[in-house]
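Hi there,

Here is the structure I promised to pass on. Have a look at it first, and my notes follow below.

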Amino acid sequence: MKLTVFGATGGVGREIVRQALASGHQVTAVVRDPARLPVTGTGLEVFRADLGDPQALRAAVAGRDAVLSGLGARSRKDAGITSRLTRMVLRAMEAEGVRRLVVVSAAPVGPKAEGEGPLDRAVLGVVSAVLKDVYADLRETEAELARSATDWTVVRPPRLQDKPLTGVYRTVVGGFPRKGRFLGRADVAHAMLAAVTDPGTVKQGVGVAY
């Protein structure tokens, strides 16, 4: 497949690029600074662009089978950047007639897991309070997707870890795994790539966790 990856220099984005290349896909990695992308390989095109200009992004998505986005705020001070940049991606995709889009969000933005216990509620409450601006940005991002003409999927992991790829995790379409507290960035990328070809995830939020 021909894939375009936004946020390719971030933790999840790098893993998407690495795993997609390893699976034989052609990958266009959209970056502002190519020096920050440590991934190389046959089938990789590094596309340098200003993510604030949807016209500049059209060439990055034209003719692609799917777009994946690892865009996200790196800290609370970056809150607002995810929804703003996602709007630019959506405009470029809609201008080029590219429909399939998979983005990363976060577990607190989606529905609570069934049977969630008091400890889980307490932890989620603390995290949500500390990162409320970041989560508000992600909610707006998901609202933008819902208003778009794309065939979107939102993958919602819990707390992220830097762990090797396992490919073993729980997935709940339209919900979240019970007592799911962690997931490695490599496995988030794995779940996002799997969602690309899964019609059951179209226009759905997907909770993922160990």
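Let me begin with the buried side of helix H3, which is made up of Ile81, Thr82, Ser83, Leu85, Thr86, Met88, Val89, Leu90, Ala92 and Met93. Please keep in mind that this is a predicted model. Those buried residues pack against strands E1 (2–6), E4 (66–69) and E5 (100–104), and against helices H2 and H5 (132–147).

As for the helix itself, H3 runs over residues 81–96. Its 16 residues reach 23 Å from the first C-alpha to the last, close to the 22 Å expected at 1.5 Å a residue. Just after H3 comes glycine 97, with a positive phi of about 70 degrees.

Two helix neighbours of H3 are worth a look in turn.

On the H3 side, Ile81, Thr82, Ser83, Thr86, Arg87 and Leu90 take part, and they meet Asp137, Leu138, Glu140, Thr141, Glu144 and Leu145 of H5. Sorted by type, the residues of this contact of H3 with H5 come to 4 nonpolar, 4 polar and 4 charged.

With H2, the angle to H3 is about 60 degrees and the axes are 8 Å apart. That angle makes H2 and H3 oblique to each other. Their crossing is right-handed. H2 contributes Pro54, Leu57, Arg58 and Val61 to the contact, while H3 contributes Met88, Val89, Arg91, Ala92, Met93, Ala95 and Glu96. Here the residues of the contact of H2 with H3 divide into 8 nonpolar and 3 charged, with no polar ones.

Exposed means over 50% relative accessible area, and glutamine 55 counts as exposed because its relative accessibility is 55%. Glutamine 55 and alanine 95 are 40 residues apart in sequence, yet their C-alpha atoms are 8.8 Å apart in space. Alanine 95 is also one of the H3 residues in the contact with H2.

Happy browsing, and do write back with any thoughts.

Best wishes

Technical notes. Residues numbered from 1 in each chain as written. Predicted model: local features only at pLDDT ≥ 70, side-chain atom pairs only at ≥ 80, totals over all residues. Heavy atoms only, no water. Buried < 20%, exposed > 50% of the residue type's maximum accessible area, 1.4 Å probe, protein only. Axes fitted to C-alpha atoms, helices over the stretch in contact; angles between N-to-C directions. Helix = DSSP H or I, 4+ residues; strand = E, 2+ residues; numbered from the N terminus. Parallel < 35°, antiparallel > 145°, perpendicular 65-115°, else oblique. Left-handed = near helix turned anticlockwise from the far one by under 90°. Contact = heavy atoms within 4.5 Å. Nonpolar A, V, L, I, M, F, W, Y, C, P; charged D, E, K, R; others polar. Expected span 1.5 Å × (residues − 1).
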